[in-house]
Amino acid sequence: MDKDRVKGKAKDVAGRVQRQMGEWTGNEKQQAEGAAEQLKGKAQNVWGKAKDTGRDAMKEMKRSGERDMERERPATKKAA
């Protein structure tokens with residue numbers, strides 16, 4: 001898991017708490033700041049997921065290429 005996903009989730013949760021506190025106290029500024037923090041967290045989480053997907057795709061391409069190379073390798077003849 002990418003560190004951006006972890007940090008993004010933490011920002012999302014912190015923003016959600018801040019927004020909720022603002023709603024309970026009637027503080028619109030705190031609500032807005034919390035919502036903005038949530039949005040930042042969600043964006044960072046999406047970025048982390050994209051990086052994970054890219055990394056996984058590269059690993060799979062490498063594995064696939066190695067398998068293809070194994071199939072294309074000519075058979076070796078044993079010396080008599």
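A: The side chains of Arg63 and Glu60 meet in a salt bridge, with 3.1 Å from N to O. A salt bridge here is a side-chain nitrogen of Lys or Arg within 4 Å of a carboxyl oxygen of Asp or Glu. This is a predicted model, in which local features need pLDDT of at least 70 and side-chain atom pairs count only at pLDDT 80 or more, while totals for chains, interfaces and linings use all residues. Residues are numbered from 1 along each chain as its sequence is written, and side-chain values use heavy atoms, with hydrogens and water left out.

Arg63 and Glu60 are three residues apart in helix α2, so about one helical turn separates them. Helices are DSSP runs (H or I, at least four residues) numbered from the N terminus. Arg63 is partly exposed at 43% relative accessible area, and Glu60 is partly exposed at 36%. The class limits are under 20% for buried, over 50% for exposed and in between for partly exposed (1.4 Å probe, protein chains only).

Helix α2 also holds Arg55 and Asp52, three residues apart, about one turn of the helix. Their salt bridge has its closest N and O atoms 2.8 Å apart. Arg55 is partly exposed at 38% relative accessibility, whereas Asp52 is buried at 8%. Both belong to a network of salt bridges that links Asp2, Asp4, Arg5, Lys51, Asp52 and Arg55.

In helix α1, Arg19 and Glu23 are four residues apart, again about one helical turn. Their side chains form a salt bridge at 2.8 Å, N to O. Arg19 is partly exposed at 23% relative accessible area, and Glu23 is partly exposed at 38%. In total, the structure holds ten salt bridges.

The surface also carries patches, made of residues with over 30% relative accessible area and no salt bridge; like charges are joined within 9 Å, and nonpolar side chains (Val, Leu, Ile, Met, Phe, Trp, Tyr) within 5 Å. Val13, Val17, Met21 and Trp24 form a nonpolar one with about 420 Å² of accessible area together. Areas come from the Shrake-Rupley method with a 1.4 Å probe; for residues, only the protein chains shown count as cover. Met21 lies in helix α1 (residues 3-25) and is partly exposed at 36%.

Lys3, Lys7, Lys11 and Lys40 form a positive patch. Lys and Arg count as positive, Asp and Glu as negative, with His and the chain ends not counted; a charge is placed at NZ of Lys, CZ of Arg, CG of Asp or CD of Glu. Helix α1 gives the most to the positive patch, three residues, while Lys40 lies in helix α2 (residues 28-72).

Technical notes:
Helices (H or I, at least four residues) and strands (E, at least two) are DSSP runs, numbered from the N terminus.
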